[in-house]
Amino acid sequence: MLSPDYAGVLFTRDPVSGEEKFVTEYVEGLAENLVGGEVTPQRIEWQPGESPAAPFDIKTLTDLAEQAEKVFGCPQDVEWAQADSKMWLIQARPITTTATKRQNFDLGEPEELFYWGPSRATVRYMSDFMAAFERFFLACAASNELPNPPKTFGLFRGGKVVFLINAASYSNFTLGIFDEFFKQDRLERDLAAWRKATEELTRLTGKKFDEKIVDAWLMTEFAEFALYGAEKAIAAQLARFDERTKLKIRGAFSTPDKPTFLNLLDEELAKSRNVAKMAKKYPWIRDGYGGPNDEAEWYFAERLKAIDENGLIEFKDQSAERKRLAAENDLSEKEIAMLNLARHLAEFMDERKEWMMKTRRSIERPLIKIESGWFFDGRKITSVGQDDVEAIWERYIDFRSASSAVSGMVANTGGRHFISGEVAVLHAHTDPMADDKILVVPSTSPGWVPLMRRARALVTDHGGVMSHAAIVAREFGLPCIVGTKNGTKVLRDGDKIVLNLVTGEIDR
């Protein structure tokens with residue numbers, strides 16, 4: 001009945017994030033192709049009270065939408081048209097689903113990240129460390145003196161753990177921690193407090209043990225992150241030297257003043273040559289975040305072979321060489337102190353590693369609530385569910401060498417942050433498709449609904465967040481990315497892909 005200049009669909013609340021804002025998608029002329037998902041429309045978002053630039057009367061449209069929401073008492077899905085400079089409200093109905101706003105689990109591209117792991121670990125045997133890690137990060141976030149920690153993932157999957165952090169943010173954080181640790185001159189008191197706490201632990205069991213072991217870990221966290229930041233801090237101090245000189249200085253100042261505990265065990269093994277006796281005396285030698293391990297005898301047998309082939313590592317007193325290099329290169333007192341601190345921090349962490357290995361057999365239960373993953377967003381800790389962990393792991397570990405991404409708009413998250421699976425590219429709703437595939441199509445119509453019910457996720461070339469595909473996907477709780485333009489051209493049947501339901505990117 002109208003011949004509109006512009007027509008479209010408006011939601012009085014973002015149907016994907018649940019955010020309280022207006023979202024409209026529109027086309028020139030009739031909106032039939034927009035609703036059918038056959039075209040990719042123009043899009044405008046605005047907050048209540050705003051009146052953004054638009055080629056139609058957006059103020060009147062906003063007023064009509066607000067009236068509809070007031071009359072019906074819930075967020076509205078409004079179809080509208082403007083003809084001869086007059087705005088018409090064609091129909092209004094409740095939004096089919098309104099998602100709650102989800103936390104952004106996206107850390108950027110894989111090449112931008114710092115990776116720790118994957119290493120052998122389970123939640124139970126790493127939970128004491130994680131509990132202290134939490135407390136340290138939260139304390140940093142609340143402090144006016146310490147740098148704010150970066151967004152960080154801790155993901156557990158298949159008996160392994162990986163930590164993911166933006167590399168630049170992590171480098172700046174650890175540098176700030178080292179600078180503060182150095183300024184506070186806290187190494188001796190932290191080390192003394194930790195040694196006292198670990199000695200007390202040997203007399204505790206049950207809940208008292210659980211509490212005190214987390215306290216003991218916490219006494220080491222400042223030192224741990226300071227050690228990570230030492231390299232950058234010292235590199236800045238030594239920037240005036242050529243590479244050969246820097247290498248000499250670092251070599252002399254980083255050599256430990258005493259053998260590591262593993263070197264001491266090698267010396268004992270070389271003297272006794274009794275593999276079974278060593279395994280009985282040190283059964284924990286292969287224990288770690290993955291829990292107790294029965295490979296002690298294998299370990300000592302392998303070490304004995306290596307010692308026989310290569311000999312023992314000889315430790316030489318480097319104090320005279322350090323003194324000579326300091327005088328020769330006119331190192332300042334601060335530079336010498338920083339270099340010495342880095343060495344002593346490394347020695348502290350070596351003691352801690354030995355202690356960690358010795359204590360794993362006393363862990364009776366997880367000391368922190370982690371389902372499968374852990375996320376720190378700068379202010380708080382969030383548990384990450386198994387489904388998200390699986391997809392994030394694939395995105396950042398299995399797909400680190402992913403090809404260039406196809407991207408579109410997230411029309412529905414399905415309650416997920418990422419989802420992975422195999423592609424089925426279809427051009428007609430009569431084409432066959434196996435269950436649980438990621439359905440990739442040009443656009444959808446009601447004929448596609450049976451396939452959408454069987455799909456794992458949906459990707460379309462055309463359409464926006466108000467198209468048929470998007471609306472039905474939200475009704476079904478189906479993860480959906482629309483408007484990729486080239487999804488059916490780039491993706492192929494059988495491709496393994498990951499949908500980023502935060503950014504709209506699709507990685508192969």
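Where does S85 lie? Select S85: this residue sits in the loop between β4 (76–83) and β5 (86–94). Strands here are DSSP runs of E with at least two residues, helices are runs of H or I with at least four, and both are numbered from the N terminus.

Before moving on, note that this is a predicted model, where local features need pLDDT of at least 70, side-chain atom pairs count only at pLDDT 80 or more, and totals for chains, interfaces and linings use all residues. Residues are numbered from 1 along each chain as its sequence is written, and side-chain values use heavy atoms, with hydrogens and water left out.

S85 is exposed, at a relative accessible area of 65%. Exposed means over 50% relative accessible area, buried under 20%, and partly exposed in between (1.4 Å probe, protein chains only).

Now select K485, in the loop between β16 (480–482) and α16 (487–490). Phi of K485 is near 75°, again positive in a residue other than glycine. K485 counts as exposed because its relative accessibility is 56%.

**A cis peptide bond**

Go to P118, in strand β6. The peptide bond from G117 to P118 is cis, with omega near 5°.

**Helix α4**

Select residues 167–184, helix α4. Its buried residues are Y170, F173, T174, I177, F178, E180 and F181. What covers them includes β6 (113–120), α3, β8 (160–166), α5 (187–201), α6 and α12 (333–359).

**Helices α3 and α6**

Show α3 (residues 123–142) with α6 (residues 206–237): their axes come within 8 Å and cross at roughly 60°. That makes α3 oblique to α6. Angles under 35 degrees count as roughly parallel, over 145 as roughly antiparallel, 65 to 115 as roughly perpendicular, and the rest as oblique. Axes are lines fitted to C-alpha atoms, for helices over the stretch in contact, and angles run from 0 to 180 degrees between N-to-C directions.

Which residues meet? In α3, pick D128, F129, A131, A132, F133, R135, F136 and F137; they meet I213, V214, D215, W217, L218, E221, F222, E224 and F225 in α6. Contact means heavy atoms within 4.5 Å. The residues of this contact divide into 12 nonpolar, no polar and 5 charged.

**Last stop: L269**

Select L269, in helix α8 (residues 261–272). L269 is buried, with a relative accessible area of 0%. Leaving aside residues up to four places away in sequence, L269 touches M278, F300, R303, L304 and I307.

Technical notes:
Nonpolar A, V, L, I, M, F, W, Y, C, P; charged D, E, K, R; others polar. Expected span 1.5 Å × (residues − 1).
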